[in-house]
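Good morning, and thank you for making time for this presentation. I would ask you to keep the sequence and the model in view while I speak.

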Amino acid sequence: QPQLARVHFRVTRFIMEAGVKLGMQSIPIATACTIYHKFFCEINLEAYDLYLVAMSSIYLAGKVEEQHLRTRDIINVSHRYFNPSSEPLELDSRFWELRDSIVQCELLMLRVLRFQVSFQHPHKYLLHYLISLKNWLNRYSWQRTPISVTAWALLRDSYHGGLCLRFQAQHLAVAVLYLALQVYGVEVPAEGEAQKPWWQVFSDDLTKPIIDNIVSDLIQIYAMDTEIP
Amino acid sequence: MEIPSMDRRELFFRDIERGDIVIGRISSIREFGFFMVLICLGSGIMRDISHLEITALCPLRDVPSHSNHGDPLSYYQTGDIIRAGIKDIDRYHEKLAVSLCSSSLPPHLSGIKLGVITSEELPLYYRRSVELNSNSLESYENIMESSLGFVNPGVVEFLLEKLGIDETNPPSLMRGLQSKNFSEEDFASALRKKQSASWALKCVKIGVDYFKVGRHVDAMNEYNKALEIDKQNVEALVARGALYATKGSLNKAIEDFELALENCPTHRNARKYLCQTLVERGGQLEEEEKFLNAESYYKKALALDETFKEAEEALQKLHKYMQVILYFLLEIECCVN
């Protein structure tokens with residue numbers, strides 16, 4: 001359902017932008033998006049205010065990943081997102097109501113997700129793979145091409161879709177690395193002469209079709225970016 | 001990846017650079033130096049090369065002597081594990097010359113000890129590689145996941161830094177998420193600051209209204225509330241200072257005014273009230289006959305506002321008084337003598 005995917009794209013974009021403005025690290029932002037996606041696997045879309053769910057996801061993720069955020073900051077950043085150049089909110093009943101709704105929504109989400117809000121993210125795996133690959137590549141090739149940064153960006157961007165729920169963390173990590181290398185046309189040395197492809201060294205049960213699936217999903221996400229204003 | 005040795009050798013000789021650290025075992029010792037079979041690399045590109053049977057020569061002149069007499073080479077034995085720096089590379093003929101002198105290393109590695117090392121000092125990645133090769137049931141994934149470093153909560157931050165990825169300007173390939181396009185004013189900290197100032201101001205206004213009808217305790221509460229919300233709020237500081245001054249706590253008033261003026265040097269009222277209070281305090285000190293102290297207060301007030309007449313007058317009056325006293329003292333001294 002492309003319509004649904006578009007809606008979620010917009011809201012996860014909000015989560016990611018708000019995350020940056022709140023100074024969140026990549027992993028807490030990933031947790032927030034994962035919570036958001038998981039919630040709407042269980043729950044009907046129409047019953048809830050998507051952006052409220054998003055804000056609560058951010059709040060919850062901050063707690064889970066030990067990068068605690070204040071509801072005041074989440075409210076401020078979100079309010080400004082929807083009302084650009086507006087004055088900061090006053091400490092009135094409306095403010096307290098907004099805060100209450102975030103906290104209530106958080107509790108609801110925890111119950112829907114059966115309190116399972118801690119995830120194994122691809123990020124840690126990706127970083128280890130990058131270090132290993134760095135030692136295998138010629139150091140000048142490595143310095144010339146921003147493979148690490150690109151792979152990291154691809155991984156971050158992947159949370160606009162629900163890839164985190166459909167694929168294993170290690171597989172996602174390898175796939176974004178694969179794509180980053182492809183994007184820059186970098187060949188892993190002696191790839192042709194190897195008995196085992198480099199990506200299978202990192203993850204035994206990974207197959208080429210899985211990589212292709214992930215890459216095609218990623219490209220679809222970027223395609224959505226061009227369609228949505 | 002199970003790549004043939006020939007290709008790995010080729011890649012090794014392509015990628016190695018002068019100044020890289022290598023670790024190997026002495027295979028034979030001659031009069032002109034010793035040969036060592038390379039095991040792994042210790043810097044730059046970290047690779048296990050033990051199966052490639054690469055030999056390097058360490059010439060006599062690159063072996064530092066351990067005693068004043070005798071052959072430097074006598075210190076070494078076949079089978080010793082050696083850490084050395086690459087001095088010369090002949091990529092075409094696949095020949096390597098190494099050195100045990102720290103001058104062969106680049107500046108950022110110069111602290112690393114060259115020479116004989118123990119097997120405990122072999123790099124961690126090499127020891128893991130041996131584990132991987134010796135046990136066909138092991139995998140990269142297993143070794144990684146069971147390593148202590150993997151479960152360390154700080155590992156992500158550490159590796160991000162090692163790879164040069166910056167989380168404060170997070171990268172993205174989406175057009176809309178280029179963080180350099182985000183305005184600083186939309187960030188949480190900027191919004192919070194603006195909001196705190198606005199909330200604090202509201203409290204100050206309420207406080208001033210209380211002050212005007214004489215409800216000083218309530219006013220003080222409001223000012224303190226405001227300063228709790230926004231510690232350096234100028235209006236709150238000035239208002240509270242004025243309240244302190246009214247109640248007679250001149251020193252506290254001066255503190256508040258000075259802080260306010262520090263944050264906003266152009267604040268007219270802060271400057272005005274500060275001058276007035278300094279002079280008033282000076283007057284109190286004069287009464288207590290602490291003349292030099294009083295003088296410094298008057299001078300301070302004048303330094304802030306040279307047109308402040310009251311300060312000028314007070315200072316002159318004090319100086320005259322001090323002259324008179326001095327005169328009397330001299331008189332008495334003359335009479336005594």
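R13(A), D225(A) and R175(B) are joined in a network of salt bridges, a salt bridge being a side-chain nitrogen of Lys or Arg within 4 Å of a carboxyl oxygen of Asp or Glu. Please note that this is a predicted model, in which local features need pLDDT of at least 70, side-chain atom pairs count only at pLDDT 80 or more, and totals for chains, interfaces and linings use all residues. Residues are numbered from 1 along each chain as its sequence is written, chains are lettered from A and ligands numbered from 1 in the order in which they are written, and side-chain values use heavy atoms, with hydrogens and water left out.

Let me continue with the interface between the chains. How many salt bridges are counted between chain A and chain B? The count is seven. One salt bridge pairs the side chains of R80(A) and E185(B), at 3.5 Å from N to O. As for contact, meaning heavy atoms within 4.5 Å, chain A contributes 67 residues and chain B 54 residues. The area buried between chain A and chain B is about 5,700 Å², with 60% of it from carbon and sulfur atoms. Buried area here is the accessible area, taken with a 1.4 Å probe, that two parts lose on being put together, summed over both.

I turn now to chain A. Its domain assignment gives domain 1 (2–112) and domain 2 (123–227); such bounds come from an automatic or database domain assignment. The C-alpha centres of domain 1 and domain 2 of chain A are 29 Å apart. Their contact takes 17 residues from domain 1 of chain A and 13 residues from domain 2 of chain A. Between these two domains of chain A, about 1,400 Å² is buried, and carbon and sulfur atoms give 66% of that area. On the domain 1 side of chain A, F9(A), M16(A) and S26(A) lose the most area to domain 2, together 39% of what that side buries. Two salt bridges are counted between domain 1 and domain 2 of chain A. Elsewhere in the list of pairs, the side chains of R6(A) and E227(A) meet in a salt bridge at 2.3 Å, N to O.

Next, the nonpolar cores. In soluble globular proteins, nonpolar side chains tend to be buried together. A nonpolar core is a set of buried Ala, Val, Leu, Ile, Met, Phe, Trp, Tyr and Cys residues joined through side-chain atoms within 4.5 Å. Buried means under 20% relative accessible area, exposed over 50%, and partly exposed in between, with a 1.4 Å probe and protein chains only. The largest nonpolar core has 105 residues, and those with the most contacts inside it include I58(A), Y129(A) and W198(A). Which helix gives the largest share of this core? Helix α10 (residues 169–184) of chain A does, with eleven residues; helices here are DSSP runs of H or I, at least four residues, and strands are runs of E, at least two, numbered from the N terminus. The core also draws at least three residues from each of domain 1 and domain 2 of chain A. Leaving aside neighbours within four places in sequence, W198(A) is in contact with residues including V174(A), L177(A) and M1(B). Apart from this core lies another, of 39 residues, among them L227(B), A239(B), F257(B) and A314(B).

Side chains of opposite charge can pair when their charged atoms come close. In chain A, D212(A) pairs with K208(A), the closest N and O atoms being 3.1 Å apart. Both residues lie in helix α12 (residues 208–227) of chain A, four residues apart, about one turn of the helix. In chain B, K87(B) and D62(B) form a salt bridge at 3.1 Å, N to O. K87(B) is in strand β4 (residues 81–90), and D62(B), 25 residues apart from it, is in the loop between β3 (55–59) and β4. K87(B) is partly exposed at 23% relative accessible area, whereas D62(B) counts as buried at 5%. D256(B) and R240(B) form a further salt bridge, with the closest N and O atoms 2.9 Å apart. D256(B) and R240(B) are both buried.
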